Amino acid sequence: MIKQSKPTTFIDAFVDFSFKRLFATEDSKPILIGLLNHLFRGLKYITAINYGKNEYPGEITTEGGAVFDVICTDADGTKFIIEIQRGYQQNFKDRALFYTSRAISEQAPKGNRREWGYQLTEVYLVAFLEDFNLPDSPKGEYLQDICLANRYTGKIFCEKLSFMFIEMLNFVKEPIELHTELDKWLYALKHLSEFRERPEYLNGPEFDQLFNLARYANLTKEERDMYNTSLKHKWDNKNVMDFAVAQAEQKGERKKAVDMALEMLADHEPVEKIMRYTKLSLEEIENL
């Protein structure tokens, strides 16, 4: 029996089922085109997209493949990989570079590479980071646009591979602060499941489609089961992550207390004072 989610008007945009419903279907093409155009703000102007395969097998059978949330290509062949990442993973940047490189290397033909001449089309990774920030991100900035550039002059070296990270934790704007269309899009996606009804300030054809696809009442029974399963999986993962963080914090606090107790013992401080300052028990201090 699938556990039902709490009553909601609109689905959570950042679960697997919802993300694909809102960005990876024929009905959602206007949504994705609009969002990408607001993200790239004149750097790219997209009028049409075609969805492509989202799985890239390894070049040999023993090599792991890459599976992306959404991949699409615009009219000039530019490839966009759209991902949601909920929690920080070890070597996150290396992982992003490795997997997006698959979308570069797979452009090579199996034969006649001399005639091909390494004429690559652009590949962009657009990643929504829901519950974490990049370690070296500037505080208060939510959009990180990364490209290959000269380290000393800042001049762009090549546009063929670029990364765009949207750090949702840093997007803390209120409705009165939504001055751009991109602001409105990010606010809508972040707070979608909190809305009881569609806000008046989120209007236009693209938002019409977004809220229509996101309305929980518009899901079939099968789609509701898929959504509830996906949502439960997200909650379970968050509980695991929260517990791991809490455990790490507790270990850190205990280490500080033990270090303090050892210093106080070395200074021949009374045990009662050590207990008061470190919150350690008599038994814990005697065992140091």
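Q: Which residues of H3 are buried?
A: The buried residues of H3 are Phe92, Ala96, Thr100, Arg102, Ala103 and Ile104. Here buried means under 20% relative accessible area, exposed means over 50% and partly exposed lies in between, with a 1.4 Å probe and protein chains only. Helices (H or I, at least four residues) and strands (E, at least two) are DSSP runs numbered from the N terminus.

Q: What kind of model is this?
A: This is a predicted model, in which local features need pLDDT of at least 70 and side-chain atom pairs count only at pLDDT 80 or more, while totals for chains, interfaces and linings use all residues. Residues are numbered from 1 along each chain as its sequence is written, and side-chain values use heavy atoms, with hydrogens and water left out.

Q: Back to H3: what span should its residues have?
A: Helix H3 covers residues 92-105, and its 14 residues should span 20 Å at 1.5 Å a residue. The expected span is 1.5 Å times one less than the number of residues. The end C-alpha atoms of H3 are 20 Å apart, which agrees.

Q: And what about H2, residues 29-40?
A: The 12 residues of H2 should span 16 Å, and its end C-alpha atoms are 16 Å apart, in agreement.

Q: How many residues of H2 are buried?
A: H2 is mostly covered, with 10 of its 12 residues buried. Among them are Lys29, Asn37 and Phe40. Just after H2, arginine 41 takes a positive phi of about 40°.

Q: Which residues does isoleucine 31 touch?
A: Isoleucine 31 lies in helix H2 and is buried, with a relative accessible area of 0%. Not counting residues up to four places away in sequence, isoleucine 31 touches Leu22, Phe23, Trp185, Glu206, Gln209, Leu210 and Leu213. A contact requires heavy atoms within 4.5 Å. Isoleucine 31 and proline 205 are 174 residues apart in sequence, and their C-alpha atoms are 8.9 Å apart in space.

Q: At what angle do H5 and H6 cross?
A: The axes of H5 (residues 181-191) and H6 (residues 205-214) cross at roughly 5° and come within 12 Å. Therefore H5 is roughly parallel to H6. Angles under 35 degrees count as roughly parallel, over 145 as roughly antiparallel, 65 to 115 as roughly perpendicular and the rest as oblique.

Q: Which residues make the contact?
A: H5 contributes Glu181, Lys184, Trp185, Ala188 and Leu189, and H6 contributes Glu206, Phe207 and Leu210. These residues divide into 5 nonpolar, no polar and 3 charged.

Q: New topic: where is phenylalanine 10?
A: Phenylalanine 10 is in the segment before helix H1 (16-23). Phenylalanine 10 is buried, at a relative accessible area of 0%. Its contacts, leaving aside neighbours within four places in sequence, include Leu192, Phe195, Phe211 and Tyr216. Serine 193 is 183 residues away from phenylalanine 10 in sequence, with 4.9 Å between their C-alpha atoms.

Q: Is tyrosine 118 buried or exposed?
A: Tyrosine 118 counts as exposed, at 61% relative accessibility. Tyrosine 118 lies in the loop between helix H4 (113-116) and strand E6 (123-129). Although not a glycine, tyrosine 118 has a positive phi of about 60°.

Q: How many helices and strands does the chain have?
A: The chain has 9 helices and 8 strands. Of its 288 residues, 41% count as buried. Among contacts with a separation of 6 or more, 59% are between residues 24 or more positions apart.

Key. Axes fitted to C-alpha atoms, helices over the stretch in contact; angles between N-to-C directions. Nonpolar A, V, L, I, M, F, W, Y, C, P; charged D, E, K, R; others polar.
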